[in-house]
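Please look through the structure below. The paragraphs after it lead through a few parts of one chain.

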Amino acid sequence: MSSELRYTANTQLEHLHARYTGTGHADLSKYDWVTHQHRDTLASIVGHPTLTSFLAIADGESKGRVKFEMTEKMLQPCGPPPRKDED
Amino acid sequence: MHLYNLTLQPPTATPQAIVGNFSGARQQEIITSHGTRLELLRPDPQTGKMATVIATDVFGSIRSLAAFRLTGGTKDYAIVGSDSGRIVILDYDPKTSSFVKLHQETYGKSGARRIVPGQYLATDPKGRSVMISSMEKTKLVYILNRDAAANLTISSPLEAHKANAIIHHIVGLDVGFENPMFAALEVDYTESDQDHTGQAFQNTEKMLTYYELDLGLNHVVRKWSEPTDRRANLLVQVPGGQLASSDRFDGPSGVLVCCEDHIIYRHMDARQHRVPIPRRKHPLEDPNRSIIIVTAVMHKMKGAFFFLLQSEDGDLYKVTIEHEEEEVRALKIKYFDTVPVASSLCILKSGFLFVAAEFGNHYLYQFQKLGDDDNEPEYSSTSYPSFGMSNPGAPLPHAYFRPRPLENLVVADEIESIEPIIDSKVLNVLPNSDAPQIFAACGRGARSTFRTLRHGLEVEESVSSELPGIPNAVWTTKRKEDDEYDSYIILSFVNGTLVLSIGETIEEVQDTGFLSSAPTLAVQQIGADALLQVHPQGIRHVLADRRVNEWRVPPGKTIVSATTNKRQVVVALSSAELVYFELDLDGQLNEYQDRKAMGSTVLALSIAEVPEGRQRTPFLAVGCEDQTVRIISLDPETTLEAISLQALTAPASSICIADMLDASINKTQPTMFVNIGLQNGVLLRTVLDPINGQLTDTRTRFLGTRPIRLIRVQIQRNPAILALSSRSWLNYTHQNLMHFTPLIFENFDYAWSFSAELSPEGLIGITGSTLRIFQIPKLGTKLKQDSMPLSYTPRKFITHPTNHYFYMIEGDHRVTGPDAAASKLDELRKQGQIIDDEVVDLPPEVFGRPKAPAGTWASCIRIIDPIEAKTVAVIPLDCNESAFSIAVVPFSARGGELHLVVGTAADTLISPRSCSSGFLRTYKFTDDGANLEFQHKTETDDVPLALLGFQGRLLAGVGKALRIYEIGKKKLLRKVENKSFASAIISLNTQGSRILVGDMQESVSFAVFKPPENRLLIFADDTQPRWVTAVAMVDYNTIAVGDRFGNVFVNRLDSKVSDQVDDDPTGAGILHEKGQLMGAPHKTKMLAHFHIGDMITSIHKVSLVAGGREILLYTCLHGTIGILVPFVSKEDVDFISTLEQHMRTEQSSLVGRDQLSWRGYYVPVKAVVDGDLCETFARLPAPKQSNIAAELDRTVGEVLKKLEQLRTTTSGF
């Protein structure tokens, strides 16, 4: 791959990442990946009426509460990020 | 294997409902989304009943709905946000009674994704623009307008994205005619994602952001963004703006921000007002529990407005805003009433409140008053320092109200909803029933029900009275043509006729001109004001002045059969001759000069009603003893000439010609159907070609064991046919399509229409010597539901091998059970607290049981008698235990005595699953199964989620472990164990020594028990991870499975592997085989796959029709009941699949989802044909129908017949 091509490919990739939140890349950390997974899952639970009902029945909560708690959880589904190595 | 999927009952859950004038008439209508279906409901303001106008499958998942109206318009449109990646604007066309897609704009990928809009919709109150938003980041704004021809136009989208922001809710602000504005509740996660200390997460703020659409510049700007309560969840629009005509403000504009425990009024550059959400003054109410508002509705009246907010407990609050021009003076909240927790509330201008319940039946309430002047405490923001905002971070002191029964609302109508179906069984327990019933455990919490579903129409009896003898026929008649109601009931006995007059009471009358000394064959109101009676000896024509013209039969002959309408009379004589009469213009009945000899005894005759504006109906159908039906002309040119002839398989017992509308055959005009009932109980329905009189398109149906009697009746002012055999059936038109449904009632010997003031739409029938007057209230429903209340959410139920009882387990999380509540109350009393008994004793069905923290359970075992539909016994569980599984086990160590084993767990937490201890409770059956005797309790280390009797022992799935238990004196004794399952075992099935183990996340594994080595071995599993919810064994090697995401699939094990495993005596072969793909050595092969769109909760292999084929019936969480029918021939597969292909191109989804990708949501569709799509063929316009039929080398009739046959022969529906 010529350096020029690499350069354009990268900018395109960055652009795509900015555009499509949740898309992975080669250097994705485990934390980022798992956080994306959880956010996707939580969004999917809120987005599919049957999944919301299912959780509401299992947990004895109202659907509104389930949706609210799931959306709240999207903020930080997997705890705080790991400490970044200072270099 | 190739399957045909057909929905018997569409989903009844209503995730969203909107109100508007969708048909453009003055009346308001409601559109409800059923997840995968749109329904238009019309409430009748007079009767307060809701009626379905149309319901359509959309072949996609509806996530949001909004109604909007262009400025100055009179008609509302519906905007649909779905998982199609498209925004769709729908218009209801009242002419064709269908939804029309006006616009469909693509903006993203399909699927319910995190950054693809569709989750939230907000419209500008003036109908100028709409915002559609996703869960994260993406918001698009479309501008709506009119073009020169007054058609609705939609712009290209404008972006209002905010990266890394989670969106909780959006709403359109009411700003009058200024630039449209939208408010969004957003949380930015950029910083919390970077900060490893967690400090940023703590400090994250929830922002209330205003987006302004600048109509002049055509772009969207972020106008204003301010932090609000961190636990805010919902925004409600507050009226605002100025009318052009006056300088008065409608309201202050802005939003209500609903947060945990608080409501905040908020607007740009305006003072905030905050009030607490009042909570119940209940002794067991946990003061630390927070309350959120789950749904809200704003209602504008002339010069005023108010809000109804509903909390998650179902309490409605009335919120009002006192304002002076644009400045808010006070925000006030008070308790209004308590109704079931809703997913949507709709207020109608006619004074009704529609509550689309999130679980169970939906309700329509009528407002009695608006809670204006009652003693309910009202909480105002003015009573708090700085209007409640002196310290926004700290909660306001709790406000309380006393819950009470409804005061402001009264129930007007209840719409049955079977959702959620949690478990079901299909079997025939009812006596005198030839089709199985579906028993379903439905509902959630204290509103749960056990329902019996039977195929058929509900019948409502209003009068039942005994007669002196056994009549053989009944008629009703008006006296004059333009009478509104019937005047006489005529009963024919073997040797006489009885005439009853209908008035204040029903009593016998003598002077009617009818012959009472002979039986009657037919009664007709004829001409303008005359009556006609046909008896075996002649015809009596009773004129208005009681003069009687009598036509007598030639001596030695009698009349054997007769048919009449308003202008024509045909009688058949015992000499096999037909005599034809017609009314002339003077009201004289004239005999046609010739009699027609049939050559064979006539058994049945029929003519249709006189068509509107005509003199006569041109066709007569005659059923003869020689097993034929002949069509004879009554046209003046060719009177009594035979036109066509159809041979039958048995002699006809009854014939009925009726003009009925069936849109699948003719969209605009009624079709003339000749229904022929045979003596062997088979009904033939043929179409009479009005031009050449030929009989075409014959459909057959077996109705029952008795000869059929057919009667033309009026149902909702439309012609319908009652077919009486060993069951009674009704053939009627509903929403332009023909339906054929049995009546769930006693059998009738004869029946007729009945119309009186009290029962304008009734029917009258005789069974034995009983006369019954009845109505059919719910046309269009295919399943009649009878329900019985339960205490808690049902979890599972099972049948008993010898008695007819059902054993059900129920359990509710986060709820205080009655026993626990009573002991807590006692404790409180001892402490000297005064308990408000009225509040404590409020019915839990409406108010719910007292809420408790997570890990608290209320649970019981219930014994149900399904025949009587009543509870026989309830065994409550104590010690915070809840039941999760149940099985009847014949323990061979006790000589095969049946025991009931219930798997329970104490202090269970749902996520992550944990419990202080699991238990296996063993019970003995007493009183023939009507009661249980506790034996012992065995501890387990995890929650036992699946139990099954297996070879005289108990097979239990306890968490990840599969175990076999033997019964002991004090405990169950663990014998074998296999712990290699992935997450948790949730279902068990067995045949022989094979065990099918359904794992919560890892699909179904095939295991085998090898007694010589005492081993449980897994020998085969699936290649895909599946979140199993229901499993049924189709045969020894084949399973049908439903998963959590709405898929159903069929997997099969290679028969070679199956034999090999069965032939291996010790299982050593399996044990030493190499695992494949980090699992079992063998894999099952997927044979069929289909996405239903609703989560399957149970699958059964049953036969729904007596002597019919076995099919797979499934029930789903949102109330769907469907079947999977295996095709019998390759030709059928080819034919129906080709039809499906054509339908895919012709019938595009209403939400813009591609049908093929919808049915292959997670895995591509395999070997399943979408019957629901194919059946929409009947609704296609005629040219398209004939095009498709031509491509298939069939006629339209043949295609329709095939579709109907697939439905009726397998399900009977």
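**A walk through chain B**

In residues 858-1178 of chain B the end C-alpha atoms lie 49 Å apart, and the span is 12% helix and 50% strand. An unreviewed UniProt entry annotates these residues as "domain: RSE1/DDB1/CPSF1 C-terminal"; such annotations may be inferred rather than shown by experiment. The model is predicted, so local features need pLDDT of at least 70 and side-chain atom pairs count only at pLDDT 80 or more, while totals for chains, interfaces and linings use all residues. Residues are numbered from 1 along each chain as its sequence is written, chains are lettered from A and ligands numbered from 1 in the order written, and side-chain values use heavy atoms, without hydrogens and water.

Consider next a sheet. In chain B, four strands (DSSP runs of E, at least two residues) form an open antiparallel sheet in the order β2-β3-β4-β5. β2 (16-20) and β5 (50-57) of chain B are at the edges with a single partner strand each, so one side of each has no neighbour in the sheet. From one strand to the next the twist averages 20°. Within the sheet, β3 (residues 29-33) and β4 (residues 37-43) of chain B are joined by four bridges; pairing requires at least two. T32(B) stands opposite E39(B) of β4(B).

Now the helices (DSSP runs of H or I, at least four residues). The axes of α8 (residues 1130-1146) and α12 (residues 1196-1211) of chain B come within 12 Å and cross at roughly 110°, which makes α8(B) roughly perpendicular to α12(B) (65 to 115 degrees). The contact (heavy atoms within 4.5 Å) involves residues including F1135(B) of α8(B) and L1203(B) of α12(B).

Notes:
Axes are lines fitted to C-alpha atoms, for helices over the stretch in contact, and angles run from 0 to 180 degrees between N-to-C directions. Angles under 35 degrees count as roughly parallel, over 145 as roughly antiparallel, 65 to 115 as roughly perpendicular and the rest as oblique.
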